[in-house]
Amino acid sequence: MGLHSGDSERSVATRIKEFVIGAAKNPLDVRIFHTTSLVAVLAWIGMGADGLSSSCYGPEAAYLALGPNTCLTLPLVGLVALAVFAIAASYVQIIELFASGGAGGGYLVATRFLGTSAGLVSGSALVVDYVLTISVSMASSADAFFSLLPLAWQPWKMWAALVLLFLLFILNLRGLKESILTLTPIFLIFVVTHVAVILMGILMRGTDTGGILYESSHETNVLIQGVGLFGTFMILMRAFSVGGGTYTGLEAVSNGIPVLREPRAETGKGTMTYMAFSLAFTAGGLLICYLLHEIHHQPGRTMNAVLFQHLWEGWRPWNMPLGHAAVILALLSEAALLIVGAQAGFISGPQVLASMATDSWTPRRFANLSDRLVNQDGIVVMAATSAAVIFVTHARVDVMVIIYSINVFITFTLSQLGMCRHWLQVRGSGQRWLRPFIVNGGGLVITLTILVFTAYIKIREGAWAVFLLTGAMIGACLLVKTHYRRVRAQLKKLDDLLTTIHLSASKHRVPRKNTSAPTAVLMVSGYNGLGIHTLFSILKLFPERFKNVVFVEVGTIDSSQFKGVDALHHLEDTVKTDLEKYADLGRRLGFHTEYRYALNVDRLEALEELCSEIANEFRDTVFFVGKLVFERETWTSALLHSQTALSIQKALLFNGYQAIVMPIRVRG
């Protein structure tokens, strides 16, 4: 009765899970890399929406920072366009160089060319920035939506932002491509409405362009005479830096390379082209429209809302209020696109965490994939921390934007510096280096300038908080790395002692396969001292009992492995090679040995299936699995190490099999 009830409960839970996030995907399907990857247009929607959605708040922040000096708007537009294209061009170099190297472009560049410390700073800055990307996007989306509502509704804005965040979180658990396809109509409506607004705004004042240019030039000369050329330059640079959020998102493609369709370099370059032109046109066009129509900030409304109403509210063709409907549609598309913009944080943030997990900076579970082939743990962390930021700041964009964009320019600068160093190192090798060096050098000058000005301006306004957050993450990463390094050192001693042992062939004849004879089933993870130590412990505890030994291993398909069919074949070859070594060792010890293996994203599920098959074949089986046991067990031990051993023991015992966990002690 108990078993039946458990199966029933499990099936209900499974049905609920599949309804919410969808059925599991098969990572071994030869079509899976094609069906889950993104072509350039979808990548532009999924990752470029971050940059494009920043036009909902970046240009406004920059324009307001000019204060009464709106005569500097046109030079500001030129600087914005220059920054967008320079950063995009410099990141194309990174995409070409690392197209097959994995995720976390800025993190990988800094690690490889500037060292592990620079990589840690770059990766930590990126993760914090992506958390803020999600938070700012959700809060700005609520701002755009609540611009349509009375001021009395403002207290509900934070809760609306949290609800939107939860819905996007669920979409991302279903899969990246699925979430992007769902949000594509929103993106297209935004593009159409904003292109229409910008063209309409410019054409309506087309005949006045000469007068406006003359007036701006005259006011600029008056400003220079009043505060000097340097003072004018500082006003312009302050506005340029305050609007730094406009340029965030351009790095997302290099951080999300694994999700791009092959050939990844070409797909990445196409995506960057779409991103650069769309962002430069939208951000620059909105700034020009603010100037041409003398748009000013109004309480409880974004400047885009004021602009849209100014241009369209009186439009009543055939005496129908289509203008008002157009305003509502444009603002709703902004609110919705800001949700899509947060998608970049959910795509690239977990990818960076996975890359850092591969290098042992973050818990290794962040490299794991769910049965929907997404970095589920990373998505959960990004959503939870973003929700915390929204709650603490009460979804106030003006508060978040103070600490936003600084971190991304830390990564921008380290990435450009690393690439410049790389081109200088290869200049004598016959490779093309001068043009890429100039491109990345130009990007370095621009991003470093924005970083210095932004940090200087915002540090007095509370930007120290972002440095505190990034510093806290760096400190946590150092502790994680120290723990893994200590454990690795102890396991290396075990490896050095046991993996090099030489055993002569058994003097006794190796028994033939007898499925009725006592059988030890040993679950291993690679050919190492831990597995060999577990095998010898079994022989010591149960001398002369077992006649058969079956070795079981699951090749876990994580972010570092899920890059293509070739990577999976390599993983399979590695697993088989390890098991052949164990089988040879078992034969030398006088046992009939066999092995079983599988490739899966869920190690526990695959082990359970393999063990069930073995138990059906061998009638007298005892299952063994090794587990690290620390001298001082803490909550961090459970966080940083897999609990598969205890989970598989529980599952096997529940199914009526004998299962024993063999401890491997880690002192200190």
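Q: How many residues of helix 13 are buried?
A: This is a predicted model. In it, eight of the 10 residues of helix 13, which spans residues 303-312, are buried, leaving the helix mostly covered.

Q: Which ones in helix 13 are buried?
A: Met303, Asn304, Ala305, Val306, Leu307, Phe308, Leu311 and Trp312.

Q: What is His324 in contact with, leaving aside neighbours within four places in sequence?
A: Trp312 and Glu313. Trp312 is one of the buried residues of helix 13, whereas His324 is found in helix 14, residues 322-341.

Q: How far apart are His324 and Gly314?
A: The C-alpha atoms of His324 and Gly314 are 7.6 Å apart, with a separation of 10 residues in sequence.

Q: Stepping back, how many helices and strands are in the protein?
A: There are 25 helices and five strands. The protein has 668 residues, and 54% of them are buried.

Q: What share of the contacts between residues at least 6 apart join residues at least 24 apart?
A: The share is 82%.

Q: On to the core. Which residues touch the most other members of the largest nonpolar core?
A: Leu76, Met138, Tyr247, Met356 and Ile390, in a core of 138 residues. Helix 7, residues 116-146, gives the most to this core, with 15 residues.

Q: What does Leu76 touch, not counting residues up to four places away?
A: Leu76 touches Ala62, Leu66, Leu236, Ala239, Phe240 and Leu287.

Q: Which residues does the second, separate core include?
A: Among them are Ala520, Leu522, Leu568 and Leu585, and that core has 28 residues.

Q: Back to helix 7. Is Ile134 buried or exposed?
A: Ile134, which is found in helix 7, counts as buried because its relative accessibility is 0%.

Q: And what surrounds Ile134, leaving aside sequence neighbours within four places?
A: Ile134 is in contact with Leu165, Ala342, Gly345, Phe346, Met382 and Ser386. Between Ile134 and Leu168 the C-alpha distance is 10.0 Å, at 34 residues apart in sequence.

Q: What about Thr133, buried or exposed?
A: Thr133 is also placed in helix 7. At 0% relative accessibility, Thr133 is buried. Beyond four places in sequence, the residues Thr133 touches are Asp50, Gly341 and Tyr404.

Q: Which residues line the largest cavity?
A: The lining consists of Tyr57, Gly58, Ala61, Val242, Gly243, Gly245, Val401, Tyr404, Ser405 and Lys458. Tyr404 is also one of the residues that Thr133 touches.

Q: How many of the lining residues are nonpolar, polar or charged?
A: Five are nonpolar, four polar and one charged.

Q: Now the backbone. What is phi of Ser360?
A: Phi of Ser360 is about 65°, a positive value although Ser360 is not a glycine.

Q: Why flag that?
A: Because most residues other than glycine have a negative phi.

Q: Where is Ser360?
A: Ser360 is in the loop between helix 15 (343-358) and helix 16 (376-393). With a relative accessible area of 4%, Ser360 is buried.

Q: And where is His394?
A: His394 lies in the loop between helix 16 and helix 17 (397-403). Phi of His394 is near 55°, also positive in a residue other than glycine. His394 is exposed, with a relative accessible area of 53%.

Q: Is Glu594 buried or exposed?
A: Buried, because the relative accessible area of Glu594 is 14%, and the cut-off for buried is under 20%.

Notes
Residues numbered from 1 in each chain as written. Predicted model: local features only at pLDDT ≥ 70, side-chain atom pairs only at ≥ 80, totals over all residues. Heavy atoms only, no water. 1 Å grid on protein atoms, 1.4 Å probe; cavity = no way out; pocket = protein on both sides within 12 Å on 5 of 7 lines; lining within 4 Å. Nonpolar A, V, L, I, M, F, W, Y, C, P; charged D, E, K, R; others polar. Core = buried A, V, L, I, M, F, W, Y, C linked by side-chain atoms within 4.5 Å. Buried < 20%, exposed > 50% of the residue type's maximum accessible area, 1.4 Å probe, protein only. Helix = DSSP H or I, 4+ residues; strand = E, 2+ residues; numbered from the N terminus. Contact = heavy atoms within 4.5 Å.
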